[in-house]
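Reader: I would like to learn how to read a structure like this one. Please show it to me, and then we can go through it.

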Amino acid sequence: MIGIQPIDQYARDISDEKQHSVIDGSSAGTDKRYHVLHKDYPDPDALRRLAASIKDHTLHHLGDYLAQAEKSLISNGAHVHYASTDEDARQTILAILRQHGVTQLTKSKSMAAEEIHLNPFLIENGVECLESDLGEFIIQLDGDEPSHIVKPIIHKNRREIARTFLREGIAADYNDDPETITRRARVHLRAKYMEAQAVITGANFVCADSGRLALVTNEGNSRFGMAPVPVHIALVGIEKVIPEEKDLAVFLNLLGRSATGQQLTVYTEFVSGPRSASQPDGPEHMHVVFMDNGRTDVLASNCKEILRCIRCGACQNVCPVYRQASGHAYRSTYGGPVGAVLSPILFGSRFPELADLPKASSLCGACNEVCPVDIPIPDLLLRLRDKAKRESIPSAGAIPMSPFATLATSPNIWRTAMTMSKAMNHLPIQVAPIKPLQDWFGQRTLPEWHGGDFRKWMKDRRTSKN
Amino acid sequence: MSRAAIFAKIESANAALKTKAAYPEYDMALVHSAPKLEGTDLWEIFARNFAAVNGKPMTGIDQLIDFLVLHQQLRGYCDPALYPHFGQKLVDAGLTVETQYDRERYDFYQFGITRATGAIAESGSVILDDDRTSHRLAALSPWVHVAVLERSEILRTIPDAIAAFGDSPNIIWATGPSKTADVEGILIEGVHGPGEQIALLI
C-alpha cells in the first residue's frame, strides 16, 4: 500500500519547538524516576513484580472484587452506577447532575473523563465544567488535547501559555514567568471552586474490602474541588479495583516514583463515602460511576495484561518513538507505548484506523523495563501486529513481501539477483519517480550493496581447503 | 442494565482462563524504603523526610510566630480546640486570629492552624482527617498551613498509616506544599493549596 503511516506523517510534520518540549520533559521524567527508585529500594524489580501479580490476581477475579467494592461503597452511603459505553457514562453523569440541580462544577484530572470527552458534552448540556489541574485547565482554554498521561501540556512552552492567558482574559498582560502563570491560575480557579456545586474526579485505586477510593494530585485540586461542594462524582474504570487497602502501600509507592520521581504524590486522598455526621466539611452525596467502555473487550483479548496499567506515564517518558512523535501522534486519549496497545483495542471499532500504532515501535523494550506493573508491552505490540495481519488491515508504507518470498525460496534466482543487484550502487534509485520507493527512502538510507560477497567467500574457502 | 452486561462480559472473559493467578502473600517489609527509615526517633525521621519535600518541621510556637511575622502572614484561622494552647501568644505577637472560618472571606486567611491526626515518618506526610481537623478549607485555602501534632501520633511507615485508616470517610496525606511542574517541568509551589506546609509538634 502506498503512503506512510499516519503516526510517521505526524512525526515528520511536528514543529521543532513542540518536539523539543516533549523530548526535554520526557527525558527529565525518566531520569528522576530511575534515581528515586534505585535510591530508595535495593531491588525495585521485586516490588513491581509483586504489583503485577496483585493486579493479575484482581483482573482474574474482577467480577468478585468489583461486586465487593460496590457492596462496600453502598454500605458506606455512596451511590454506585455502571456504564457500559462512553455514551452511558456521559448520560449517567448528566442525570446525576440534573438530579442535584448542578449547573457549575470543577473537575480534577481524569483520563477516564478524557476518554469519553466529558467536558464538551457537559458544556453542550448547559453545565459549566472547569478543569482544575493547571495543565488540563490550559488544555481546556486552548481547545487542545492532553499529550501525556501525567504531564498533559508537555508539548507546550511558557510563551504559548502566557499568550493563552492573555487571549482568554485570565491575565491582563503578557507574562511568561511560570510562577506568575501559576499564581494567576490560582486566583482564577479558587473563585470557581467556591462557586461550584459539584466536583468530578477519577480514582487511581478502589479498595474492594472497604470501598475506599485513592486519589492523587500534586496541586491539591481534587481536595480543593471537593471541600466546598455538596456533590462528588467519581468516574472510575472497572480495572481500578484492588483487593485490599493494604495493597495501596505497594501501588502508591510505585505510582509516585514512576510518574514524577516522588516517593508520594503531594495530596493522597482517601475517600470511602459521603461525609459522616461528625464531619463539618465534604460532599453530602457521593456517586461512583464504574465504566466499562471497552475494558471487558480488553479483558477478553490476548492483551489483557495492559489492564494492569496504573497510568504513571513512565513508558511514555522513556519511549524513543513517543519522544520524537509526541502524544498527539497517537490520535487517541492514550499516547505512547501504553496507548499503542490500549487505544486500538479499547476503542475496538477504531482498530483499522489505529492499527499503525502497534507498528510504531522498534520493540526496544524500554517501556517494559520502566513499567511499575511489569506489562510486557513489546509482546503485546507484536500480538496486535499479528491481529492486524490476520484481519487483513491495509498498512500504509508496507512493502509487499511476496516477491521476496519467491526470491528467497529459489536458490538459482536468488544467486542471480544477488549479483545483478550490485547494479543498484550505480543507479539513482533514491530519486526514481516511484512513489512507494520515495516514501520508503524518505526515512531510510541503504548501505552500499555487497550482494553475493558472502557466497563468493564461502566458495573460495571451500576450494582452498580442498 | 449496564451492570448485568458488564458482569456478564467479565464472567465470560475470565471463564476462558486456564489458570487464575492466586493472591500473592507478601511481606510488608518489601515496600519499606530503608534509607527513608534510617534513625530511631520518629519525629527526627519525619522531620528529615518532611524537609526533603519542602515541608517545614517546627517544634515550638515561638518558631512559628517568627516565621509568620517574617513572611508577613499576619491574618489567619486557628482551630478553636487549639486556641487555648497558643492563641493568646499569636495575638500578643500582633497577629489577627479567628476561630471561625468564614468561607465567604476565603481570601482573608493567610495562615490556617488545624489539628493533624498524625504523620508518617517514612514519607514526611501529615495526616488530616475531617473527624479531627476542624475545617478542611482552613487547611487548604491559606498560603501557610500549620498542621499541629503530638509525638505519639507519628506513625513509622506508609503501611502503618494505611492500617490506621479506621472508618473515616475522608483522609488526606499531605506530603509537602501544593506543587506543579506543568509549565516546562519547572517546580512551582502553592498551586491551589498551601505554598508553605508546616508541621508543628506540641
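**Core, strands and contact**

Author: The largest nonpolar core has 179 residues, and L235(A) and A119(B) have the most contacts inside it. A nonpolar core is a set of buried Ala, Val, Leu, Ile, Met, Phe, Trp, Tyr and Cys residues joined through C-beta atoms within 7 Å. Buried means that 20 or more other C-beta atoms, placed from the backbone, lie within 10 Å of the residue's own. Helix α12 (residues 248–260) of chain A gives this core its largest share, 8 residues.

The model is predicted: local features need pLDDT of at least 70 and side-chain atom pairs pLDDT 80 or more, while totals for chains, interfaces and linings use all residues. Residues are numbered from 1 along each chain as its sequence is written, with chains lettered from A and ligands numbered from 1 in the order in which they are written.

Reader: What is the bridge partner of L235(A) in β10(A)?

Author: Strands are DSSP runs (E, at least two residues), helices H or I runs of at least four, numbered from the N terminus. Two strands pair if DSSP finds at least two bridges between them. Here the partner of L235(A) is V289(A). Strand β7 (residues 231–237) of chain A runs parallel to β10(A), joined by 7 bridges. In β10 (residues 285–291) of chain A, 6 of 7 residues are buried.

Reader: Which strand of chain A pairs with β9(B)?

Author: Strand β9 (residues 267–271) of chain A does, in the antiparallel sense over 5 bridges. Within this pairing, T268(A) has W173(B) as its bridge partner.

How values were computed: Buried ≥ 20, exposed ≤ 12 C-beta atoms within 10 Å, placed from the backbone.
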